[in-house]
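Reader: I have the sequence and the structure open. Please walk me through the helix packing, the rings and a few loops.

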Amino acid sequence: MKKNKFNINPAPVTPDDIEAGKNFEAFHNKYQATQRGSLLRRIGLPLAAVAAAAIVIIVLLFKAPDGETKMVAQFIEPPIKGLERTYEEISFVAAEGLKLDMPSGTIISVPANAFVDANGNPYTGPAKLKYREYTDALSIALSGIPMTYDSAGVAYTFESAGMFDMMVESDASTPLALANGAVVSVGMPATSEDNGFNVYELDTTTKNWALRGKDSIAPVAEDIEPEPAPTKIAATPKPKEEPAALNDAKLQRLYNTIQVIGDSINYYKNLSLLKPMRASTEGHHFNLEMKYNAFPELVRNDLVSWEVAAFTKDFEPNFRTTRWDSRVVTRIKGDQYNLQLIKAGVERNFACKPVYQGQHYAVAVKYYDEVSAANQERLAYIEQRKKELQAEYDAYKKELMASNKEAVVKQEKQLENQYNLNTSQNNVYRFVSVSRMGIWNIDRIYEQPEYVKAETEFVDSKGKVLTMHRMILFEQGVQASFEFFKMPTGNTMRFMYNPNSSYTGLGITIEGKVFLIRPSDIKPIKTEGINTIKAKDFFLPKSEQELRDKLDGLA
């Protein structure tokens with residue numbers, strides 16, 4: 001039976017629990033529903049020959065020609081071995097957390113006491129953060145991380161604003177996991193304030209991208225800790241006085257903890273749960289499988305139904321039992337949602353609302369009261385805890401300042417200068433709240449142009465047909481790239497391209513030999529019959545930069 005697919009757009013995940021013993025996530029965990037099936041299907045790879053950090057990447061992906069058997073590569077398969085990026089490794093103490101400025105401009109905030117070991121026990125000892133990021137399509141392609149988004153047999157375009165891979169290990173090199181409720185904030189420099197992107201996590205079990213919510217955008221000054229998930233673009237904040245100039249570990253730990261608690265306070269103050277609504281006896285109801293926290297504003301995602309009002313224009317009763325290619329629920333505002341139904345390329349949209357039927361309504365109301373009370377209790381606790389820590393911080397800082405006045409005055413001047421600089425430049429970051437270690441991506445669907453199909457073989461200088469593995473094309477002027485694998489039979493490659501554009505690219509044989517594809521190779525391509533491209537200048541790139549330079553030289 002064909003499964004329906006739906007999208008979700010959840011709010012940011014819960015910030016880290018402040019102390020053990022105050023864990024109200026138990027309310028959620030005891031009701032956690034079985035995770036639904038995969039949102040994504042076919043896996044592929046994007047690529048682009050551009051070199052600017054934090055550039056927006058456009059990756060165009062296409063449906064395979066009708067009747068064609070698709071080649072399925074391994075899940076994560078770098079196209080050229082040895083060119084995938086290595087991890088940056090940073091040592092820190094798990095009990096103290098970490099605040100990090102990467103050379104690329106990315107800022108990472110790891111809260112204190114955020115990790116557990118494989119048995120779920122808190123880990124507070126020496127740890128190592130392993131991090132690598134991909135801010136242009138060339139680096140993404142060389143990573144071998146899949147980027148295809150295919151729905152109901154139709155391949156969509158991904159527009160990415162950046163991707164990163166993060167993990168944390170103990171001093172024994174064993175993986176650590178984030179504790180329940182703990183969140184790592186990652187802010188990547190952005191080139192625009194466009195807020196239309198979603199955040200995806202790569203599920204290595206299902207081998208699919210899973211939608212985790214929205215990214216958030218904020219202009220920030222260097223060395224200023226931002227809110228992890230602001231709901232709108234904010235003005236550049238006035239700099240906070242950090243203790244770095246005092247060079248004292250205790251003061252730094254207190255400062256970091258206060259910032260993390262402040263993030264949690266803002267989260268709970270902005271958290272708005274929807275009071276459960278009883279289902280109408282006359283409405284049309286849809287039941288969708290969802291994770292327990294798919295829509296955080298709803299207290300029982302596992303029991304909710306989506307109600308389209310009776311007598312809604314153009315809604316037919318049989319829509320409830322139709323096997324749709326896609327069913328998409330999106331929150332508009334408040335208790336207003338949109339239900340999108342798609343079948344055979346025909347799209348229908350209807351206003352809907354979340355409701356609870358029968359006994360589910362009483363269960364949801366009870367749970368709503370419990371969660372609301374728990375959230376208020378947690379908010380009161382962490383506000384009190386912040387007040388206590390702030391008093392301790394102020395007293396200890398006053399003691400240090402008395403013995404180090406010169407350093408404090410110098411630091412204050414530096415912060416003020418940095419604030420003025422960033423106010424004029426309006427540095428913008430995209431923030432992702434990471435709830436699990438792994439690979440995260442900031443993407444959205446991009447409308448692709450019309451391309452045509454072609455088929456080609458590759459030959460060497462003596463006319464011998466090469467056994468190809470894959471072909472990567474770079475379209476000039478649109479920051480786009482395409483990757484194709486050899487057909488299951490024969491030695492030809494079918495691909496899609498825009499005959500009005502210019503291309504460079506790479507050919508990779510089954511033996512791992514690499515050669516350049518020039519604009520003059522693609523320009524004469526015909527859409528009928530089998531074309532022939534002569535491979536020249538075989539080489540084995542030793543670095544990403546060498547490959548980038550060669551490709552740039554063809555443009």
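**Helices, rings and loops**

Author: Helices are DSSP runs of H or I with at least four residues, strands are runs of E with at least two, and both are numbered from the N terminus. This is a predicted model: local features need pLDDT of at least 70, side-chain atom pairs count only at pLDDT 80 or more, and totals for chains, interfaces and linings use all residues. Residues are numbered from 1 along each chain as its sequence is written, and side-chain values use heavy atoms, with hydrogens and water left out.

Reader: At what angle do α3 and α4 pack?

Author: Helix α3 covers residues 249-270 and helix α4 covers residues 359-402. Axes are lines fitted to C-alpha atoms over the stretch in contact, and angles run from 0 to 180 degrees between N-to-C directions. The axes lie 9 Å apart, and the angle is about 155 degrees.

Reader: Is the crossing of α3 and α4 left-handed or right-handed?

Author: A crossing is left-handed if the near helix is turned anticlockwise from the far one by less than a right angle, and right-handed if clockwise. For α3 and α4, the crossing is left-handed.

Reader: How many nonpolar residues does the contact of α3 with α4 have?

Author: Ala, Val, Leu, Ile, Met, Phe, Trp, Tyr, Cys and Pro count as nonpolar; Asp, Glu, Lys and Arg count as charged; the others, Gly among them, are polar. The contact of α3 with α4 has five polar and eight charged residues, and its nonpolar residues number 13.

Reader: How many aromatic pairs are there?

Author: Rings of Phe, Tyr and Trp (its six-membered ring) pair if their centres lie within 6.5 Å. That rule gives a count of 17 aromatic pairs.

Reader: Why is the pair of Phe295 and Tyr337 edge-to-face?

Author: Planes under 30 degrees apart count as stacked, over 60 as edge-to-face and the rest as tilted. The ring centres of Phe295 and Tyr337 are 5.7 Å apart. Their planes stand at 80 degrees, so the pair is edge-to-face.

Reader: Where do Phe295 and Tyr337 lie?

Author: Both are buried (under 20% relative accessible area; exposed is over 50%, partly exposed in between; 1.4 Å probe, protein chains only). Phe295 has 1% and Tyr337 has 3%. The pair links distant parts of the chain, 42 residues apart: Phe295 is in the loop between β15 (284-286) and β16 (305-308), and Tyr337 is in strand β18 (residues 336-343).

Reader: Which ring does the charged end of Arg300 sit over?

Author: A charge sits over a ring if NZ of Lys or CZ of Arg is within 6 Å of the ring centre and within 35 degrees of the ring normal. Arg300 lies 5.5 Å from the centre of its ring, that of Tyr367.

Reader: What is the phi of Asn113?

Author: Asn113 is in the loop between β4 (107-110) and β5 (115-116), partly exposed at 47%. Most residues other than glycine have a negative phi. Asn113 has a positive value, near 50 degrees.

Reader: What separates the C-alpha atoms of Ser435 and Ala182?

Author: Ser435 lies in the loop between β20 (428-434) and β21 (438-446). Ser435 is buried, at 19%. Ser435 and Ala182 are 253 residues apart along the chain, yet their C-alpha atoms are separated by 6.5 Å.
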